Amino acid sequence: MVTKRVPAGLPEDADLRRADSLAREIFSDVANKWALLIIEALGEGTLRFSELRDEVEGVSHKMLTQNLRMLERNGLVERTVHPTVPPRVEYTLTEPGRELRTAVDAICGWTHEHLDHVERARERFGER
């Protein structure tokens with residue numbers, strides 16, 4: 001049995017290994033492909049919904065909306081509604097969102113670095 005210990009000085013709710021911890025919930029929220037791609041796109045600057053949809057190829061309106069709401073709820077994205085007709089809504093990363101983008105950039109870099117290796121491994125399984 002694995003002992004579930006929280007790093008020194010952190011509350012029990014910070015234990016990623018616990019299924020009911022806040023840390024696990026946050027990790028689960030942000031560790032999905034759409035959230036990571038949205039964070040990467042917003043790392044370049046403030047974007048409107050339609051601009052984000054264009055930047056994140058393949059994301060549906062529904063998935064983009066759900067992920068933006070989740071990122072806003074977690075304090076990683078700020079949504080600004082400008083009082084115009086029709087309303088203009090913009091999204092930008094908060095400071096914690098910009099910090100998370102550093103990790104997302106590292107994941108993107110790892111993906112680029114190991115693309116050939118993964119492709120060869122998949123070919124052994126008859127995939128592409």
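Analyst: Let's take helix 5, residues 95-124: at 1.5 Å a residue its 30 residues should span 44 Å, and the end C-alpha atoms are 42 Å apart, which agrees. (Helices are DSSP runs of H or I, at least four residues, and strands are runs of E, at least two, numbered from the N terminus; the expected span is 1.5 Å times one less than the number of residues.) This is a predicted model, where local features need pLDDT of at least 70, side-chain atom pairs count only at pLDDT 80 or more, and totals for chains, interfaces and linings use all residues. Residues are numbered from 1 along each chain as its sequence is written, and side-chain values use heavy atoms, leaving out hydrogens and water.

Gly97, Arg101 and Val104 are buried in helix 5, buried meaning under 20% relative accessible area with a 1.4 Å probe, protein chains only. The buried residues of this helix pack against helix 2 (33-42) and strand 3 (88-93). From helix 2, Leu36, Ile39 and Glu40 meet residues of helix 5 including Leu100, Asp105 and Cys108, where contact means heavy atoms within 4.5 Å.

Arg101 is worth a stop: this residue of helix 5 is buried, with a relative accessible area of 15%. Not counting residues up to four places away in sequence, Arg101 touches Ile39, Glu40, Gly43, Glu44 and Leu93.

After helix 5 comes Gly126, with a positive phi near 75 degrees.

How values were computed
Buried < 20%, exposed > 50% of the residue type's maximum accessible area, 1.4 Å probe, protein only.
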